[in-house]
Amino acid sequence: MAISGPTSYVWTTEEFISHWTLVDAQLGVGNELVLKDNITLADLQAKLAAKRQTVQSAITSREQLHDGLNSTIGGAQWLRRLAWSVRADYGDSDWLRSLPELPAEMAGARSIYACCG
């Protein structure tokens with residue numbers, strides 16, 4: 001039941017809970033195993049469920065931020081193509097002076113959001 005790396009946490013906790021359940025069954029009703037600070041199997045399961053929910057929420061938030069950034073980058077790419085077209089077709093007109101400054105293609109997220117977010 002040793003934790004050998006990040007991918008073994010869930011499996012190890014599931015194995016630990018299975019083992020604890022067997023221990024409680026062997027000890028019988030009223031004699032269940034209680035850890036330091038009166039932590040019971042139900043307490044551990046509740047804490048693990050809360051942690052999993054927190055991790056899942058963080059993953060979801062990160063995915064949503066990533067999708068939003070990709071959408072903004074797509075908008076910046078569209079604006080960049082528009083600017084290139086205007087420069088090519090109307091290079092000597094007032095249109096050229098009215099184009100916004102766009103971040104470079106390899107600009108970081110902060111520059112893209114400042115321009116197009």
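**Fold, burial and aromatic pairing**

Modeller: Read along the sequence, the protein follows the pattern α-α-α-α. This is a predicted model, in which local features need pLDDT of at least 70 and side-chain atom pairs pLDDT 80 or more, while totals for chains, interfaces and linings use all residues. Residues are numbered from 1 along each chain as its sequence is written, and side-chain values use heavy atoms, without hydrogens or water.

Colleague: How many helices and strands does the protein have?

Modeller: Helices (H or I, at least four residues) and strands (E, at least two) are DSSP runs, numbered from the N terminus. On that basis the protein has 0 strands and 4 helices.

Colleague: Why is the pair of F16 and W20 edge-to-face?

Modeller: Rings of Phe, Tyr and Trp (its six-membered ring) pair if their centres lie within 6.5 Å; planes under 30 degrees apart count as stacked, over 60 as edge-to-face and the rest as tilted. The count by this rule is 1 aromatic pair. The ring centres of F16 and W20 are 5.8 Å apart and their planes lie at 75°, so the pair is edge-to-face.

Colleague: Is W20 buried or exposed?

Modeller: F16 and W20 both lie in helix 1 (residues 9-27), 4 residues apart. F16 has 35% relative accessibility and therefore counts as partly exposed. W20 has a relative accessible area of 2%, so W20 is buried.

How values were computed
Buried means under 20% relative accessible area, exposed over 50%, partly exposed in between (1.4 Å probe, protein chains only).
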